[in-house]
Amino acid sequence: MKKALIILLCGLAAIVLLPSSTNGTCDSKKLNQQCAALMDNFSLVKFFNITDADVKKEYAYMFNKSTTYLINICDENSGDARMIVNIYRGKQLIASSFSQKSKKHYSKIAFPCTATGIYHIKFSFDYGAATCGVVSLGFKNR
C-alpha cells in the first residue's frame with residue numbers, strides 16, 4: 001500500500017511538472033487568425049502549426065521565379081525566446097527570421113524568388129522558448 005501511494009504521488013508530480021506547451025495550452029486557432037490577418041495582399045497558401053515535434057521536420061515547397069513569398073511567424077513568445085524560420089535551397093541558407101549579426105528576430109520574411117526550384121523550410125525555437133507557434137506562407141506574383 002505504501003509503495004502504491006509513492007508511485008501514485010510520483011506520477012502526479014510528473015504530470016504537474018510537465019512543460020505547459022506539451023499539455024496543449026497553445027492556442028493555434030488564435031495564432032492562425034493572427035497570422036492570416038498579417039498576409040496583407042498576399043494569397044495564403046498554407047499554415048504550419050509548429051510544436052516541439054515539428055522542429056525536426058523539414059518542409060519542401062516549389063517556389064517560382066518572379067514570385068514573392070511571405071512568411072509570417074506567430075508565436076506567444078517575446079524577446080529572445082522566439083521561433084526561427086529558415087529557408088534553404090539545397091544547403092544554402094536563403095532567408096531567415098533571425099539575424100545572427102544583429103541578434104534580432106523578425107516576425108515576417110518577404111522572399112522574392114529569383115530561381116524556380118525546391119526550397120526547404122525549417123523551424124526551430126530559440127533560447128528554450130515555448131515550443132508552439134504558427135507560420136503562414138503566402139505568395140504574390142511580381
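The model is predicted. The chain holds 2 helices and 10 strands. Along the sequence they run in the order α-α-β-β-β-β-β-β-β-β-β-β.

Of the 142 residues, 35% count as buried.

In soluble globular proteins, nonpolar side chains tend to be buried together. Here, the largest nonpolar core has 19 residues. Seven names stand out: F63, I71, V85, I87, F111, F123 and V135 touch the most other members. Several strands each supply at least two residues of this core: β1 (43-51), β3 (67-75), β4, β8 (108-112), β9 (117-125) and β10 (132-141). Strand β9 gives the most, with 4 residues. A second core is separate and has 5 residues. Its members include L31, C74, C132 and V134.

Setting aside neighbours within four places in sequence, V85 is in contact with I71, I73, A95, S96, S97, I109, I121, K122, F123 and V135. Three of these names, I71, F123 and V135, are also on the list of residues that touch the most other core members.

Now turn to the disulfide. The whole structure has 1. It joins C35 to C74, with an S to S distance of 2.1 Å. The link of C35 and C74 is right-handed, with 120° about the S-S bond. C35 lies in helix α2 (residues 28-37) and C74 in strand β3, so the pair ties together parts that are 39 residues apart in sequence. Both ends are covered. C35 counts as buried because its relative accessibility is 0%. C74 counts as buried too, at 1%. Another cysteine, C113, is buried at 0% relative accessibility.

N86 sits in strand β4 (residues 83-89). Is N86 buried or exposed? N86 counts as buried, because its relative accessibility of 15% falls under the 20% cut-off. The side chain of N86 makes a polar contact of 2.5 Å with the side chain of S96. Beyond neighbours within four places in sequence, N86 is in contact with L93, A95, S96, H120, I121 and K122.

How values were computed. Residues are numbered from 1 along each chain as its sequence is written. This is a predicted model: local features need pLDDT of at least 70, side-chain atom pairs count only at pLDDT 80 or more; totals for chains, interfaces and linings use all residues. Side-chain values use heavy atoms; hydrogens and water are left out. Buried means under 20% relative accessible area, exposed over 50%, partly exposed in between (1.4 Å probe, protein chains only). A polar contact is a pair of N or O atoms within 3.5 Å; within protein, one must be able to donate a hydrogen and the other to accept it, and residues adjacent in sequence count only if both atoms are side-chain atoms. Contact means heavy atoms within 4.5 Å. A nonpolar core is a set of buried Ala, Val, Leu, Ile, Met, Phe, Trp, Tyr and Cys residues joined through side-chain atoms within 4.5 Å. A disulfide is a pair of cysteine sulfur atoms within 2.5 Å.
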